[in-house]
Amino acid sequence: MIITRAPFRVSFFGGGTDHESWYKNNGAVVIGTTINSFCYVTLRPLTPFYGTRFRLSWSKIEEVKDPSEIDHPAVRGALNHFKIKQGLEIHTDGDLPARSGLGSSSSFSSALILGLNTYLGKKVSIRELTESTINFEQNILKENVGIQDQIQACQGGFSLINIREDGLYRTLRLDISDELVRKISQEMLLLYTGISRTSSDIHNANKNLDQQIKDESLKQICRIAKKVNSKILDGEMKYEDFCSYLRESWLHKSSSFPRSKLSENLLSIYEEAISAGAHSGKLLGAGGGGFYLFLVPKEKQNRFNEAMKSYKINDPEITNEGCSILYKD
């Protein structure tokens with residue numbers, strides 16, 4: 001039996017600019033962190049006594065004789081990619097809901113790829129795992145995704161990711177004891193809107209938005225991310241400034257939302273949370289639902305939780321952990 005896990009992530013700045021369509025002309029900076037909530041993948045050989053070759057447990061149970069019959073696209077793609085022929089049972093679990101803006105698809109992909117490599121007796125470095133996960137999601141699954149989620153799920157930590165126009169990237173991880181990182185970890189709350197969606201679906205839907213509006217939004221998001229990156233590297237970033245930049249970046253992101261009842265509801269949640277005591281916040285992931293991140297002063301969190309009690313609220317912590325093997329027998 002093999003058990004792997006990969007952390008979920010929270011993206012603060014630069015979301016959307018990690019897609020090739022943007023960074024190939026502009027470069028990009030993405031700033032985010034992994035949190036102490038994980039996706040788990042368990043693999044074990046399946047004996048022939050069960051009358052099936054593959055057994056998969058996720059939101060439903062699948063029992064099939066050939067990978068092509070599997071409904072789960074990532075598992076189907078991975079089994080075919082790794083040419084798995086022998087019987088195998090795969091279970092997946094998550095500490096938080098999938099399709100909610102926390103990079104869960106990449107967390108699952110990286111944990112699955114690490115598990116299958118281990119199952120086949122292959123050792124992979126974190127860099128190799130990162131590249132494999134990016135390739136798997138973009139070129140095998142044909143998902144419309146960037147590269148920040150895979151980098152963060154595999155490598156872990158509070159990271160500054162600089163992406164060059166040729167797609168090469170460099171990651172700088174801040175120490176978890178850094179004063180800014182500790183303050184963010186203490187005041188970070190996640191609020192679940194109850195609406196689930198996939199990043200790829202949102203990005204595909206956003207293709208219909210006015211290109212000029214999208215480009216201007218990404219231009220400002222990229223500008224702010226690069227500015228925050230520079231101030232952190234220069235040791236000039238104060239927590240209050242971090243919150244201010246987050247508010248500014250959110251305004252530019254939300255300005256690109258399509259006009260709809262859903263957008264109105266999501267924006268009203270943000271205003272309600274600010275009134276309840278949050279410094280600042282943003283909808284995580286590509287938009288359309290999932291989790292909000294809010295930075296709430298520690299002394300105001302009880303008031304915030306009471307005012308927002310109609311929503312599920314999670315109190316995460318920043319972690320340095322990346323994708324790893326928990327158990328191998």
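How many residues does helix H10 have, and how far does H10 reach from its first C-alpha to its last? The views below start there. This is a predicted model, where local features need pLDDT of at least 70, side-chain atom pairs count only at pLDDT 80 or more, and totals for chains, interfaces and linings use all residues. Residues are numbered from 1 along each chain as its sequence is written, and side-chain values use heavy atoms, leaving out hydrogens and water.

**View 1. Helix H10 end to end.** H10 (residues 261-275) has 15 residues and reaches 21 Å, close to the 21 Å expected at 1.5 Å a residue (that is, 1.5 Å times one less than the number of residues). Helices (H or I, at least four residues) and strands (E, at least two) are DSSP runs, numbered from the N terminus. Just after H10, Gly 277 takes a positive phi of about 120°.

**View 2. An open sheet of four strands.** The order is E9-E10-E8-E11, with antiparallel pairing; strands pair if DSSP finds at least two bridges between them. E9 and E11 (312-314) are the edge strands, each with a single partner, so one side of each has no neighbour in the sheet. Five bridges join E8 to E10, and Met 188 stands opposite Leu 295 in E10.
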